[in-house]
Amino acid sequence: MRLVELTKQYPGQPVPAVDHVSMDIAPGEMVMFLGPSGCGKTTTMKMINRLIEPTGGQVLIDGTDVATLDPHELRRGIGYVIQQIGLFPHLTVRENITLVPELIGWSKPAARRRADELLELVGLDPSRFRGRHPRRLSGGQQQRVGVARALAADPPVMLMDEPFGATDPITRENLQSEFLKLHKELGKTIIFVTHDFDEAVRLGDRIAVLGERSVIEQFDTPERILAAPANDYVASFVGSAAAIRHLGLTTAGEAVRLLGPDRARAADGAVNDTVDDEAPTTVETTSARDVVDLMLRSGHSRVRVRSADGQDMGTLDFDHVCSLWKRSADGI
Ligand code: ADP
Ligand code: MG
């Protein structure tokens, strides 16, 4: 998917809500839009599925300008999950899920089979839940049904607008883990809006950090954003995030042991042979968080780790420390 100079100026507003936003999203990628309330995230999502028409620029999906498509047809090919869930209260769980598949011509039995399959997928026992109405579900269960419904017609593209925002922290973490698994299994292109940095790091292949008018402040992998925020604005997200605190719980020694003796690999898996003779040294009891600090302050992307009795244990690099943290967040 490609956004080209995408712009929305609401009537009577002095400045655009979304201002010349351009980005490329690879098929199967999960991109997080991270930005404060009011920066135009929802407006951008709704321009992608044409609930809102842009005042400038284009949205291309598989090279086709969505402006040339029938909006209803377009929307049937894009799963959309919103914070307010938006289940139809008078329909059962199953009816909510089968709506779109039936609309696009699936037979009733096929749509029902699909509904059961999706309920299983999002962790709800079909026999218990398919006949219920939304009001007889908790907030977290409603969110799951919302995700199942968005997946129903197997759309290649999903837009998720703060989908887990209304749930308590534990339900949210469960939903995030399940959603990560789903994403790995289904390989859909997903844009996921959040204002929660931890959520962005945990779920995203890449994160677009958005400023006012959705101006892209940085668009990169979570590792790179953690390691090298592009500016003070991005750094303020990183610095204030609980995510980084996780690094404080792992020591440099544990990191070296976890990563094995051959740690000199970049995040993309390429072996990096360049030896940094000037790399600073630290002891194994230093926290991974402080290792990152040391890297930032010294300007070296490598740190040598010594054991308490002075033995050389190996080196750690930036991408590695961050990927280590990310793996622990993924529960792997
Ligand atoms: P976000 O989802 O990031 O919180 P929105 O896309 O909802 O941001 O809104 C972006 C900006 O556009 C806000 O300043 C909001 O007040 C404004 N806005 C949203 N919808 C409208 C509208 N229909 N008319 C005028 N201004 C709007
Ligand atoms: Mg919004």
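Start your tour by selecting helices α3 and α6: their axes cross at roughly 25°, so the two helices are roughly parallel to each other (angles under 35 degrees count as roughly parallel). Helices here are DSSP runs of H or I with at least four residues, strands are E runs of at least two, and both are numbered from the N terminus.

Before moving on, note that this is a predicted model, where local features need pLDDT of at least 70, side-chain atom pairs count only at pLDDT 80 or more, and totals for chains, interfaces and linings use all residues. Residues are numbered from 1 along each chain as its sequence is written, chains are lettered from A and ligands numbered from 1 in the order in which they are written, and side-chain values use heavy atoms, without hydrogens and water.

**Stop 1: the helix pair**

Colour residues 93-103 for α3 and 139-151 for α6; their axes come within 7 Å. An axis is a line fitted to C-alpha atoms over the stretch in contact, and angles run from 0 to 180 degrees between N-to-C directions. Now show the side chains: Val93, Asn96 and Ile97 of α3 meet Val145, Ala148 and Arg149 of α6, where contact means heavy atoms within 4.5 Å. Of these contact residues, 4 are nonpolar, 1 is polar and 1 is charged. Nonpolar covers Ala, Val, Leu, Ile, Met, Phe, Trp, Tyr, Cys and Pro, charged covers Asp, Glu, Lys and Arg, and the others, Gly among them, are polar.

**Stop 2: the largest pocket**

Next, select Arg75, Arg76, Ile78, Tyr80 and Val100, which lie nearest the centre of the largest pocket, lined by 21 residues. A pocket is an open set of points on a 1 Å grid with protein on both sides within 12 Å along at least five of seven lines, and lining residues have an atom within 4 Å of a point. This pocket holds about 560 Å³ of space, the volume being that filled by probe spheres set on the points. Strand β6 (78-82) gives the most to the lining, with 5 residues.

**Stop 3: the largest cavity**

A cavity is a set of points where a 1.4 Å probe fits but cannot get out. How much space lies in the largest cavity? About 50 Å³. Select its lining: Val122, Arg144, Val147, Phe164, Leu175, Glu178, Phe179 and Leu182. Helix α7 supplies the largest share, 4 residues.

Technical notes:
Parallel < 35°, antiparallel > 145°, perpendicular 65-115°, else oblique.
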